Amino acid sequence: MSKIEMSKLVEKMNLKNMTPDVALSGKYLEDPDVNRPALQLTGYFEHFDNQRVQIIGYVEYTFLEKMDGQLKAEIYDQLFASKIPCLIFCRSLEPEAMLLEKATEAQIPVFQTDKQTTAFMAELLRWLNVQFAPCISIHGVLVDVYGVGVLITGESGIGKSEAALELIKRGHRLVSDDVVEIHKVSDDTLVGMAPDITRHFIELRGIGIVDVKMLFGVLSVRDTQNIELVIRLEDWSREKAYERLGLEEEYTEFLGNKVVCHQLPIRPGRNLAIIVETAAINYRQKKMGYNAAQELYKRVQENMAKNS
């Protein structure tokens, strides 16, 4: 399983470091789950998930306030001796001086957030699940079109980046250009994102690198997006029979997950941005229960029945 740098957690979750003397370099997260150490604060450390991020909420905090000082010190010693990755206090709760002192001695970082405990845990779990999910990198462009994550693939130079740029000008949002990291969050969900080094950049042949966020504003980009639709661009071939009705869906597979896929032939004069927009809207219609191809087929069948 991969590791996540502790400093990346602090930056992403906007955490306040309560133990500045504890160096974060060389410290990593190795487990995608979190834990509220309620039983551990009573002294029960059997089956303790010490590899997880430990979170202190209001219940744990008030329990510690009522605990005898000597017993509390022993609990802190046991907790930090188990080598937990970090301890996070929610709701802007202030850790006491003894805890911070023992944490510093054990070189365990302690953080604070102003978020409510349940909301923070949900946000942290979503982020950790994406970070620890199985991942592959593919050549393509990922764009958010009307809330649908559209992955545009095809041979190099076929026009993927140009299509993405036109979509951005039409009000849609770029996630990644050239390289897309695909994370399998669940058996039903694939999340795409850009590598850190190329985030918000587009390469246009003949022009060079364009910073989409700087040119079009923060509303033109987003960091992650579920991948729901794949559009594969290819050169037009007279010999190939392309889908005309769309009665049956075609799929492509990433990390064992199937995603709806459309083969889109490229010819001069075709407006790729409008076609991609239409494909995204049509996909949303199908998810909402309306299929235009099936409606046409139904009308043809009814008309044939009347004429016969």
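The model is predicted: local features need pLDDT of at least 70, side-chain atom pairs count only at pLDDT 80 or more, and totals for chains, interfaces and linings use all residues. Residues are numbered from 1 along each chain as its sequence is written, and side-chain values use heavy atoms, leaving out hydrogens and water.

**Nonpolar core**
- The largest nonpolar core has 30 residues. Such a core is a set of buried Ala, Val, Leu, Ile, Met, Phe, Trp, Tyr and Cys residues joined through side-chain atoms within 4.5 Å.
- Buried means under 20% relative accessible area, exposed over 50%, and partly exposed in between (1.4 Å probe, protein chains only).
- Val150, Leu229, Ile231 and Leu233 have the most contacts inside this core.
- Helix 8 gives the largest share, 6 residues. Helices (H or I, at least four residues) and strands (E, at least two) are DSSP runs, numbered from the N terminus.

**Aromatic pairs**
- The structure holds 2 aromatic pairs. Rings of Phe, Tyr and Trp (its six-membered ring) pair if their centres lie within 6.5 Å; planes under 30 degrees apart count as stacked, over 60 as edge-to-face and the rest as tilted.
- Phenylalanine 45 and phenylalanine 48 have ring centres 5.6 Å apart and planes at 85°, so they pair edge-to-face. Both residues are buried.
- Tyrosine 61 and phenylalanine 89 have ring centres 6.3 Å apart and planes at 90°, so this pair is edge-to-face.
- Tyrosine 61 lies in helix 2 and phenylalanine 89 in strand 6, so the pair ties together parts 28 residues apart in sequence.

**Around valine 300**
- Valine 300 sits in helix 9 (residues 292-307). Its relative accessible area is 39%, so valine 300 is partly exposed.
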